[in-house]
Amino acid sequence: MEREPKKFSSPEPIKASDSDAKFPKEVAKLAGTDLNACLTCMSCSGGCPMYQYMDYGPHGIMRLVVLGLKKEALTSNTIWRCLGCHTCAAVCPMAINIASVMDYLRQECLAEKLPVGDKPLWEFHRCMMNTINRHGRVHKLELMVEHKIRNLGQGPQAWLQDGPLGTKMLLMGKLHLLASNVMSTGKAQVRKILAAAPWKNY
Amino acid sequence: MSNYLLEASFFPGCTLKTGADESREPMYLALEKMGVKLYELEDWNCCGSSSGHAMGHEVATSLGARNLSKAPLGRPIVIPCPNCFRNISTARHHLIEDPATLKANEAEFGRINLTDPVLNIYDIIHHVFNLVRMGSYTLPETKPLNGLKVAVYYGCGAMYPKALRPAGPPRDTLERIILEMGGELITWPWPHKCCSAFASAVYPEIAEDMVSQIITGAREQGAECLVTSCAMCQMNIEMREMPMTNHLPVLHLNQLLALFMGVKASEHEKWWKLHLVDPRPLLQKYNLWN
């Protein structure tokens with residue numbers, strides 16, 4: 001993947017009419033954190049392992065949210081390229097839970113059925129939820145196979161990627177062939193939990 | 001009265017359950033020898049992994065709540081996987097903070113155990129070593145690591161929102177354990193760097209970039225192996241360092257602990273076959289093969 005140039009210099013000035021005043025309050029409430037505390041010190045982007053591949057980076061997303069630019073924030077690829085490693089939340093001097101803001105934005109993007117910023121990564125999340133839905137636990141082999149099938153459109157390089165290494169690990173016994181399952185009553189409970197989330201209807 | 005120093009509930013997590021046998025077996029063996037007995041939670045489910053919290057706030061909380069509802073009262077809950085630990089601790093935090101969520105989840109799953117602490121695997125080991133240092137507990141025969149040069153790698157598993165760990169990432173727990181076991185620590189730049197997590201499955205080139213920074217960082221400072229408590233990090237780093245010319249073995253903390261507690265070759269032989277980078281020459285060099 002190429003390193004992403006940052007979209008900071010907007011050709012058009014930001015208009016007050018583009019801004020959704022309710023958005024920052026909503027995010028702050030559901031992510032359980034105070035966005036106005038942000039100093040724009042960029043500690044989050046400094047710590048972020050994916051910063052060079054993102055279009056805004058975590059501090060850019062924090063600005064977009066505070067300015068109420070909902071569409072820009074929800075369609076950016078930053079929210080999907082976030083790996084959820086919580087480095088931003090751990091280093092933030094103002095104790096803002098940035099990882100939780102990212103989580104909320106992803107859910108909002110799916111709930112509003114907006115185009116996702118990074119399709120393969122979203123498909124990975126979907127495959128992960130599907131395997132939890134089936135077994136109650138994650139089955140790595142199934143997850144990888146399903147991800148391959150869902151990404152057939154990405155071209156031949158993606159089909160063969162990691163094939164030999166994956167087969168080797170399977171033969172070594174590092175990946176189990178069979179899934180570990182939750183009992184049937186538990187599965188019903190897990191499915192009920194998952195069905196309530198917006199990813200299901202995207 | 002039980003014969004054990006500590007009895008704990010145990011949440012294995014999907015990676016340890018259906019993959020990393022080379023980490024699960026040494027954990028049981030070593031902790032048993034240290035006097036810690038683990039009881040696996042009955043019918044546990046996935047904590048949501050790296051996607052649960054991203055796909056729905058309630059998803060992660062409810063998945064955690066169901067797991068906590070399986071834990072019997074009076075035993076701490078040990079979660080060896082750092083990502084599961086963070087997910088379940090976050091869920092626990094939300095349940096404690098928000099009575100409405102707790103009520104809804106209790107209606108679904110029954111009593112939820114919020115009284116007993118949720119502990120990481122190195123919290124337990126650190127605790128036992130502290131007791132030993134203070135002289136209130138003695139370990140059976142141990143076999144020191146003979147100055148094995150170790151780069152301690154927490155991965156992102158040490159990163160928590162400030163609400164969960166106000167003091168920031170732990171800086172000396174793994175280090176203390178390694179020193180206590182007779183290993184030698186190196187100072188290096190990336191103990192908390194992300195291993196690329198699930199991006200490894202989607203964009204291998206990103207993962208290779210991150211892992212090469214980790215491996216070269218450790219190698220330049222003279223490390224001979226990386227030690228981590230996260231089975232996912234171990235797998236990611238091993239997989240993505242394969243195209244590099246200079247390999248560095250990545251060991252599980254549990255394996256070093258088992259060697260320290262004197263597990264015999266007949267038992268530990270099979271673990272090393274599950275490594276893509278063979279650590280056996282290194283172990284023989286330091287005379288850790290018993």
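Biologist: In this predicted model, which residue of β6(B) is the bridge partner of Val150(B)?

Modeller: The bridge partner of Val150(B) in β6(B) is Leu185(B). The general idea is that strands of a sheet pair through backbone hydrogen bonds, in either a parallel or an antiparallel manner. Here β5(B) and strand β6 of chain B, residues 184-185, run parallel and are joined by two bridges.

Biologist: How many bridges join β5(B) to strand β7 of chain B, and which residue of β7(B) stands opposite Val152(B)?

Modeller: Strand β7 of chain B, which covers residues 225-228, is joined to β5(B) by four bridges, and these two strands also run parallel. Within that pairing, Val227(B) in β7(B) is the residue that stands opposite Val152(B).

Biologist: Why is strand β5 of chain B described as largely enclosed by the rest of the structure?

Modeller: A residue is called buried when its relative accessible area is under 20%. In strand β5 of chain B, residues 149-153, four of the five residues are buried, so the strand is largely enclosed by the rest of the structure.

Biologist: Turning to the open sheet of four strands in chain B, what is the order of its strands, and which are the edge strands?

Modeller: The order is β2-β1-β3-β4 of chain B, with parallel pairing. An edge strand pairs on one side only, and in this sheet that holds for β2 (36-40) and β4 (118-120) of chain B. From one strand to the next, the twist averages 40°. Strand β3 of chain B, residues 77-79, runs parallel to β4(B) and is joined to β4(B) by three bridges, with Val78(B) opposite Leu119(B) in β4(B).

Biologist: Which strands does helix α5 of chain B touch, and which does helix α7 of chain B lie across?

Modeller: Helix α5 of chain B, residues 82-97, packs on the sheet and touches β3 and β4 of chain B, and its direction makes about 160° with that of β4(B). Helix α7 of chain B, residues 121-134, lies across β1 (6-10), β2, β3 and β4 of chain B, and runs at about 80° to β4(B).

Biologist: In chain A, which residues form a nonpolar patch on the surface, and is Ile149(A) buried or exposed?

Modeller: The patch is formed by Val145(A), Ile149(A), Leu152(A), Trp159(A) and Leu160(A), which together have about 540 Å² of accessible area. Two or more residues of the patch come from each of α9 (140-150) and α10 (156-160) of chain A. Ile149(A), which lies in helix α9 of chain A, has a relative accessible area of 54% and is therefore exposed, the cut-off being over 50%.

Terms used: Residues are numbered from 1 along each chain as its sequence is written. Chains are lettered from A and ligands numbered from 1 in the order in which they are written. This is a predicted model: local features need pLDDT of at least 70, side-chain atom pairs count only at pLDDT 80 or more; totals for chains, interfaces and linings use all residues. Side-chain values use heavy atoms; hydrogens and water are left out. Buried means under 20% relative accessible area, exposed over 50%, partly exposed in between (1.4 Å probe, protein chains only). Two strands pair if DSSP finds at least two bridges between them. Patches are made of residues with over 30% relative accessible area and no salt bridge: like charges are joined within 9 Å, nonpolar side chains (Val, Leu, Ile, Met, Phe, Trp, Tyr) within 5 Å. Accessible areas come from the Shrake-Rupley method with a 1.4 Å probe; for residues, only the protein chains shown count as cover. A salt bridge is a side-chain nitrogen of Lys or Arg within 4 Å of a carboxyl oxygen of Asp or Glu. Axes are lines fitted to C-alpha atoms, for helices over the stretch in contact, and angles run from 0 to 180 degrees between N-to-C directions. Contact means heavy atoms within 4.5 Å.
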